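I opened this notebook to record what I looked up in one structure. The entries run from the whole chain down to single residues.

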Amino acid sequence: MGLDRPQAWLLGLPTAAVYGSLALFTTILHNVFLLYYVDTFVSVYKINKMAFWVGEAYRASPNNPPFPSRSGAGLSSRAVVLARVRALGWHGPLLALSFLAFWVPWAPAGLQFLLCLCLYDGFLTLVDLHHHALLADLALSAHDRTHLNFYCSLFSAAGSLSVFASYAFWNKEDFSSFRAFCVTLAVSSGLGFLGATRLLRRRVEAARRDPGCSGLAVDCGLCGEELLVGSEEADSITLGQYLRQLARHRNFLWFVSMDLVQVFHCHFNSNFFPLFLEHLLSDHISLSTGSILLGLSYVAPHLNNLYFLSLCRRWGVYAVVRGLFLLKLGLSLLMLLAGPDHLSLLCLFIASNRVFTEGTCKLLTLVVTDLVDEDLVLNHRKQAASALLFGMVALVTKPGQTFAPLLGTWLLCFYTGHDLFQQSLITPVGSAHPWPEPPAPAPAQAPMLRQGCFYLLVLVPITCALLQLFTWSQFTLHGRRLHMVKAQRQNLSQAQTLDVKMV
């Protein structure tokens, strides 16, 4: 009997918590990857500069469009959910294995870097797509989706604690302890994916056996009707027809225009956060304080998102995102007027700029789920094309990752004449010492470099905020329009229910 208690306790977990735990098993790997993969290859494996940039350029390019296979063709809605859960059960452990491949030298550094990046980025894309698509498939109402997203943020914050633990093991001279730490993370993540997907699969299958479980939507964050019924007839549509439909989807076009700027800004903050700490605050804060700020910048967005989600329930996602854009613009203008010598305000701005920007990125997943609903209604689909839409958003906005470091370094050179590429290899965010110690600038150049970093810090958010406020003002899927789309999708589900019962 005692052996059955843990299993019974696990089976009693809320479905939203099981869904959110998948974010934990991704985050414990990905944050450590971001912090250390570059420093590992540069400082430990001694990769050359050309091989490093070839690998990064290949990773950032749309070489593998993030479209999952159309495994849902001919399946009911519940079967599509089960297919996604099974895919996560496979791709999650494979993500953990590809994570491990970074920390053991098994090929020439350049070749290993390229192969590891391709494998890791591919499996991470698949895990993210299926996980985000489940958000649209499992829940229909805004309340249920924010409930699921709440648990994702909670577990992501817990997973970010691996960043703090990693500092105790990181040692470039003796890599064995850090390698053992990464093995522990990978094993924990892989087993976690297997356990969570097994539990989630049982929940969905239990809903099939109990057709009266309509309370599932309220208690567990699942849309009962979506799981209980579904058309067996799949949409026969080619990729070209789907792309033409998206080209006519006005809200989708405005959203990806805004999200492209958001992805750029998020990666710009990630790439240049350590540089701003070094040149704007290094004389006033200790190295350990800077490391703590860097670690907190990974945890705080998830915790902050818990508050943002409560605001979304009250005011709607559109209003909260618009408020964050206005806040970004207002804080940036205030910082520009105050200047770089107000150190307390500068420290607060550097931290809050990254936290609020990352928080906005996490809220936009909810907007994509609404676009999935609108796409289904506009094109009279039999099933929601959730994974395809998430994949298209990822594909269109991916260039923002590449433009961030390129445009940032060009702007810094334009303002100051200081070319970062003439120094030893730059490490974009992602190492315990992300920007290797460059030769000290001449005394006359140091103030100019600090001033250039300050202008880069404030003018990029101002430009991004203005562009985003304009594009977001053109987005109409909110308020009455959103309620109408939700009602029409609900009617489609009920019509499918009647069709199934008649058959």
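**Entry 1: ground rules**

I am working with a predicted model, in which local features need pLDDT of at least 70, side-chain atom pairs count only at pLDDT 80 or more, and totals for chains, interfaces and linings use all residues. Residues are numbered from 1 along each chain as its sequence is written, and side-chain values use heavy atoms, with hydrogens and water left out.

**Entry 2: the whole chain**

I looked up the secondary structure and found 19 helices and zero strands in the chain. Both are DSSP runs numbered from the N terminus, helices being H or I with at least four residues and strands E with at least two.

I then checked burial. Of the 503 residues in the chain, 53% are buried. Buried means under 20% relative accessible area, exposed means over 50%, and partly exposed is in between, with a 1.4 Å probe and protein chains only.

The accessible surface of the chain is about 21900 Å², and carbon and sulfur atoms account for 65% of that surface. The areas come from the Shrake-Rupley method with a 1.4 Å probe, and for residues only the protein chains shown count as cover.

I also looked at contacts (heavy atoms within 4.5 Å). Among those between residues at least 6 apart in sequence, 86% join residues at least 24 apart.

**Entry 3: the disulfide**

How many disulfides does the structure hold? I found one, taking a disulfide as a pair of cysteine sulfur atoms within 2.5 Å. The partners are Cys266 and Cys361, with 2.3 Å from S to S. The link of Cys266 and Cys361 is right-handed, with 105° about the S-S bond. Cys266 sits in helix H12 (residues 250-281) and Cys361 in helix H15 (residues 343-378), so the bond ties together parts that are 95 residues apart in sequence.

I compared the surroundings of the two ends. Cys266 is buried at 6% relative accessible area, whereas Cys361 is partly exposed at 25%. I looked up two other cysteines as well: Cys152 counts as buried at 10% relative accessibility, and Cys347 is partly exposed with a relative accessible area of 25%.

**Entry 4: salt bridges**

My rule here is a side-chain nitrogen of Lys or Arg within 4 Å of a carboxyl oxygen of Asp or Glu. By this rule the count is six salt bridges. I wrote down three of them.

Asp121 pairs with Lys398, and their closest N and O atoms are 3.6 Å apart. This pair links distant parts of the chain, with Asp121 in helix H5 (residues 109-138) and Lys398 in the loop between helix H16 (386-397) and helix H17 (399-416), 277 residues apart. I found Asp121 buried at 16% relative accessibility and Lys398 buried at 12%.

Lys486 and Asp370 meet in a salt bridge of 3.0 Å, N to O. Lys486 belongs to helix H19 (residues 480-502) and Asp370 to helix H15, so the pair ties together parts that are 116 residues apart in sequence. Lys486 is buried at 14% relative accessible area, and Asp370 is buried at 9%. I also noted a network of salt bridges that links Asp370, Asp373 and Lys486.

Arg481 forms a salt bridge with Glu374, with 2.6 Å between the closest N and O atoms. Arg481 is in helix H19 and Glu374 in helix H15, so this pair joins parts 107 residues apart in sequence. Is Glu374 buried or exposed? I found Glu374 buried, with a relative accessible area of 1%, while Arg481 is partly exposed at 29%.

**Entry 5: Lys328**

I next turned to Lys328, in helix H14 (residues 317-338). Lys328 is buried yet has no salt bridge, and the nearest side chain of opposite charge, Asp259, is 10.0 Å away. For charge, Lys and Arg count as positive and Asp and Glu as negative; His and the chain ends are not counted.

**Entry 6: Asn149**

Last, I looked up Asn149, which is in helix H6 (residues 142-159). Asn149 is buried, at 6% relative accessible area. Beyond its neighbours within four places in sequence, Asn149 is in contact with Leu135, Asn305, Leu309, Lys362, Thr365 and Leu366. I also noted 8.5 Å between the C-alpha atoms of Asn149 and Ala16, which are 133 residues apart along the chain.
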